[in-house]
There are 2 protein chains.
Amino acid sequence: MTTSRATAASRAPGAPGAPGAPEEGDLLRLEKQICFSLSAASRAFNGVYRVLLKDLGLTYPQYLVMLVLWEHGELPVKKVGERLRLDSGTLSPLLKRLEAAGLVRRERSARDERSVNVRPTEEGVALRERALQVPRHIVAATGFDLDELLDLRTRLDRLTTTLDAAALEQTPDCL
Amino acid sequence: MTTSRATAASRAPGAPGAPGAPEEGDLLRLEKQICFSLSAASRAFNGVYRVLLKDLGLTYPQYLVMLVLWEHGELPVKKVGERLRLDSGTLSPLLKRLEAAGLVRRERSARDERSVNVRPTEEGVALRERALQVPRHIVAATGFDLDELLDLRTRLDRLTTTLDAAALEQTPDCL
DNA sequence: CGGCATTTAGTTGTGCACAATTGAATTGTG
DNA sequence: CACAATTCAATTGTGCACAACTAAATGCCG
């Protein structure tokens, strides 16, 4: 079974006009680079946020939730989850921690007792002032200029859309 | 205090005093898009891998570890962690699960009893054959052609390097 | 040789992501 | 009104990321 030999290393990974498909061993290596680069970048971003947000007492996902609440004031948990693509299994404990920190309040909706509305407390709103400093530091830390960042964002969003669509179709038999 | 107008008090020292500088509220929104796009893309990638790797009985981080082991055969835990930027707190339980699944073996190095060498079992090596199918599906799922992916990888790697450097300098007082 | 810093895995604790399930509230239908 | 299907948050369980700490082995020093 070790016969997976790369009989010929006809590698031309980056070459635009290369007609020859990369050999299998190269594929595994190449692909590792791509997927790994993304998760590494994601974790590196997380590390910078961790440092910046420590003073605010927020983790990065908590910061994302606060961004949504600063923008919208009050929302049901469901809506927060839709915006951030997070489900209740992630949000419920996260929101409890934010509530314990005094930054948000959760209360059952009067008109629909299944729904829980979340809104920032005064303290949570006040925190926004300090959070305003964060983006500047983040942008600076990337070493990218705004145009590059916006271009990157556009590509990533396109990637996400396509990947999400693929994940849905992709049922078992594809392997 | 909802009138948190940008009193210009915190006018950026580091930012160029661009005449059309984004207003602060915009900054928070814009920046949310950038950071969120990255984590969303990362999670979307994860979702596709989750589907593809389910048949192999691997999670995505486990897959990364197997990629390293397929390439190098046998390595101390330390080296695996260096390649993947993962520490022992992540790798130790992960490797135990891989060992429980019969895919790797861990054994203390004879020459240095502190070190633990990890190598794929025959079953682990055999799994590589099936894993060879994964990259094709991943690349297809992105909807990007190879050049675009390689370009994206280059940008992300540059981003990661810069961010990591920034995280090191960035001690508390920056906020 | 004894003592001590360094290296290396492992453990513990916190927090997030996600799948699966539960249970209550609501809505739709007869 | 009764009853089934749906919606929503919460809970449970697994796995990963990371910080902080432990413990053992090694190597260096005088």
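How many bridges join E1(B) to strand E3 of chain B, and in which direction do the two strands run?

1. Two bridges join E1(B) to E3(B), residues 116-120, and the strands run antiparallel. Please keep in mind that this is a predicted model. One place to look is B:Pro76, which stands opposite B:Asn117 in E3(B).

2. Zooming out, the sheet of chain B is open and has three strands in the order E1-E3-E2, with antiparallel pairing. Strands E1 (75-76) and E2 (104-108) of chain B stand at the edges with a single partner strand each, so one side of each has no neighbour in the sheet.

3. Helix H4 of chain B (residues 88-100) lies across E2 and E3 of chain B, and runs at about 120° to E2(B).

4. Now for chain A. Its open sheet of three strands has the order E1-E3-E2, again with antiparallel pairing. Here E1 (75-76) and E2 (104-108) of chain A are the edge strands, each with a single partner, so one side of each is left without a neighbour in the sheet. Helix H2 of chain A (residues 60-72) packs on this sheet and touches E1, E2 and E3 of chain A, its direction making about 85° with that of E3(A).

5. For the pairing of E2(A) with E3(A) (residues 116-120), there are five bridges, and the two strands run antiparallel. Within this pair, A:Arg108 stands opposite A:Val116 in E3(A).

6. Next, the contact between the chains. It takes 81 residues from chain B and 84 residues from chain A. The area buried between them is about 8000 Å², with carbon and sulfur atoms giving 68% of it.

7. One pair to inspect is B:Arg158 with A:Glu148, which form a salt bridge whose closest N and O atoms are 2.8 Å apart.

8. Which elements supply the chain B side? Those giving two or more residues are helices H1 (24-54), H2 (60-72), H3 (77-84), H5 (122-131), H6 (134-142) and H7 (146-169) of chain B. The largest share, 25 residues, comes from H1(B). By residue type, the side of chain B that touches chain A divides into 47 nonpolar, 14 polar and 20 charged residues.

Conventions: Residues numbered from 1 in each chain as written. Chains lettered and ligands numbered in written order. Predicted model: local features only at pLDDT ≥ 70, side-chain atom pairs only at ≥ 80, totals over all residues. Heavy atoms only, no water. Pairing = 2+ DSSP bridges. Helix = DSSP H or I, 4+ residues; strand = E, 2+ residues; numbered from the N terminus. Contact = heavy atoms within 4.5 Å. Axes fitted to C-alpha atoms, helices over the stretch in contact; angles between N-to-C directions. Buried area = accessible area lost by both parts, 1.4 Å probe. Salt bridge = Lys/Arg side-chain N within 4 Å of Asp/Glu carboxyl O. Nonpolar A, V, L, I, M, F, W, Y, C, P; charged D, E, K, R; others polar.
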